[in-house]
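Visitor: I have a protein model open and would like to go through it. Can we take it piece by piece?

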Amino acid sequence: MNHTEHGGAGAPGELPLELTRFIGRRKELAIARSAFERARLVTLTGTGGVGKTRLAFQLAKEVSRAFDEDVRVVALADLQDPGLLGHTVNAAVGIREMSARWQPETLIEYLGDRHLLMVLDNCEHLIEEAAGLAGLLLRSCPRLWILATSRQALNIDGEVAVPVPPLSVSDDGHSGNRAIAADSEAVTLFLDRAVSVDPEFALTPETEPQVVELCRLLDGIPLAIELAAVRLRVLPLRDLMARMGDRYRLLTRVSRSAPARHQTLRACIDWTFELCSPAERTLWSRLSVFAGGFGLDAAEAIGAGGSIAPEAVLDLVAGLVDKSIVSRVMDAGEPRYQMLETIRQYGMDKLDAAEAEELDRRHHRWYVELAERADLDWSGPRQTEWLERLRWEHANLRAALNSCLTADPRAGLRLVYSIENYWLASGFLAEARQWLDRLTEAVGEPVVERGRGLRLNAWLAILQGDHDLVPPLLEEAGQIAAATGDALLTAFVDQTWGLLALFRSDFEVAVERLEEAVGRFAVLGHRTAECHSMFEVGLALSLAGDGERAADWHRRCSQTTTTIGESWWRSFSLWAYGIERLRQGDIAEAARLEREALQLKRRLDDQLGIAVVLEAMSWIVASEGEMDRAARLLGAADALLRTVGMALDSIPRLWMFHAQGENAMRSRGTERAFRSAWAAGARMSTAAAVALALNESDDRRRPPQHLAEAAEQHGQETLTKREHEISILVAQGLTNREIAARLVISVRTAEKHVDHIMSKLGLANRTQIAAWVADMRNPG
């Protein structure tokens, strides 16, 4: 990770892994930590490249233990459409949207009284929207703290803005004093990065004044210092100094009206740009069209042309990586690269209007074609790879759709409906519907693309519970299918009418429509839709009570999907067939089917699929008499279903199984035991809940069977007198600061005691400490 601002790779909502040492900023960290003592909104402000993001991540890491729910990062640098701000925040905090449209009430309800720190990173281009949302959340969620980074303050009530200046540089009078020079933050950063480039580089009587002068010329801006340090690969320090001095003097003459920091940052990037070969400069500018990074295949397709042959792109990208213009994403499954936002914007500024328009056209065409390739290859063994690829490309997909809105809305519709299962797997149904609304409005004529968009909108509306909106969408889609004679659109319309009937418990109509759709898709060779419809026929028959025919359809679906290596609809069919076997009393077979479904869902990272399988497994475990484990699984399933925004009671026949299972769990033990186990399951991570469902043996991933058992395993006597005293205060709801004041100790000491308590008892958060205290006071 760079010390400067960056997009950051990793799972959405999590702090990225640190790849380089954090240097300096003791004063700013202390000021920001102090600011959190008097405000719930702290904004780190400063110029681009000064290190706001890196400072925010370090601060969040240091204070994370003080928050029950840890830290959630909302990365905004790649977000172009203010209308998607709410969706982006939802994804970062863990809400998998299944509602019709983003509603602030959903986010507010989810956050509730959760005690967490939210990092809003790079707000400057969405300043009004970010300020409005931050103000609303802080007013509505009393235990939420927000740490923002922006080039300007949000300017809302209660905000404390903490300026982030450049790194400190030694005064002129200290030149020649290596101890004082080495204490300079800017010099320390340069030395750290220089040694990574040249392990023999050191601060000597000869190099010390040059390094100090270099850092002064760069005005202590971390981005400029890092870019300069990497140049030691090709230039000795004295040549580096000479070139940097020339560039700054030139820039000062050209742009005297620009702020000084912008001049120095621009000078550094200008200089880096001029050190590139002509081909590297051209590719740098062309790659700036990507949002959120790019793969080599996309770089070759969009960056090649004119003097740059496709086969030359790899070496040119390698050259840009060497110059720290492009960075390699280390945890990507395939070669993938990113640019710092400042670097990307600089490249965009080098494009003239005509070239920018052409690159934008190439970009959206590439991503439409990528989506269509994913659609064609979906029903096969590469589903997991495609899902991972599409998740990496989400920012680019958004950028392409934005471009299509004005340039080619029909192509935009093809993009959206080609990746319909991606929207479902990733919980982006609301966003997909937003794109569909805008694109179908832009395509007013009755063409196939509009029909496919209307049909997909109807399908998503069914899943989200907007059933009244579905008939007019399907009626118009059906009219377009008839007018154009498009057999595939006709089959999709029939299938979706069948799904609507299934959700409305009109199983006779559902089976008739869905069976007809299976036949049509088979004739057309659309294996994905054929498998989808097979699963739905089996589910409809099972809910209608026709177990024998349902089993035939599920076996048929399993055979078809296994033959072609398809996992997505196979796993849903296994889930539905498992419920059917449970209905018939074959518990062992039901458990086997659900375990297989869950293993597939985990590999696909399908949150909705995992939720419904966990729900089914809770019923099975309850029927086997393991009431504590069943209640935990039910709690985990309920929590995950709430997170993705779908209530199981939207399908009444399935809800009966839920009610029966829950009643059995409550009747076989005390109400207190059920509620304790259910709450413990609701607090589990998805990974831990899946491990519990599968009875995996890794004790590090499996939670204790009961908090009372945790007390027996770890023992009250393992806590010191002070830790036991603090555990009681935690159970009373006191914060670390309140505990520190009560016991006359430092806040940091209180934090350490709470950490030790969680470690000794094997607990994850303060809520579990409170439950442990309650169990110790009221055993049994």
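Visitor: Of the contacts with a separation of 6 or more, what share comes from residues 24 or more positions apart?
Guide: In this predicted model, such residues account for 72% of those contacts in the protein chain.

Visitor: And how many helices and strands are there?
Guide: The protein chain has 39 helices and 8 strands.

Visitor: Which strands form the open sheet, and in what order?
Guide: The order is β2-β3-β4-β1-β5, with parallel pairing.

Visitor: Why is one side of β2 and of β5 left without a neighbour in that sheet?
Guide: β2 (71–75) and β5 (159–163) stand at the edges, and each has a single partner strand, so one side of each has no neighbour there. Neighbouring strands of the sheet are turned by 20° against each other on average, direction ignored.

Visitor: How many bridges join β3 to β4?
Guide: There are 5 bridges between β3 (residues 116–121) and β4 (residues 144–150). Leucine 117 is opposite tryptophan 145 in β4.

Visitor: Which strands does helix α1 lie across?
Guide: Helix α1 (residues 26–35) lies across β1 (41–45) and β5, and runs at about 180° to β5.

Visitor: New topic. How many disulfides are found?
Guide: A search of the whole structure gives 0.

Visitor: Is cysteine 123 buried or exposed?
Guide: Cysteine 123 counts as buried because its relative accessibility is 0%. Cysteine 276 is buried too, with a relative accessible area of 3%.

Visitor: What percentage of the chain is buried?
Guide: Buried residues make up 56% of the 780 residues in the protein chain. The chain's accessible surface is about 31,300 Å², and 50% of that belongs to carbon and sulfur atoms.

Methods
Residues numbered from 1 in each chain as written. Predicted model: local features only at pLDDT ≥ 70, side-chain atom pairs only at ≥ 80, totals over all residues. Heavy atoms only, no water. Helix = DSSP H or I, 4+ residues; strand = E, 2+ residues; numbered from the N terminus. Buried < 20%, exposed > 50% of the residue type's maximum accessible area, 1.4 Å probe, protein only. Contact = heavy atoms within 4.5 Å. Areas by Shrake-Rupley, 256 points an atom, 1.4 Å probe, with all protein chains shown as cover. Disulfide = S-S within 2.5 Å. Pairing = 2+ DSSP bridges. Axes fitted to C-alpha atoms, helices over the stretch in contact; angles between N-to-C directions.
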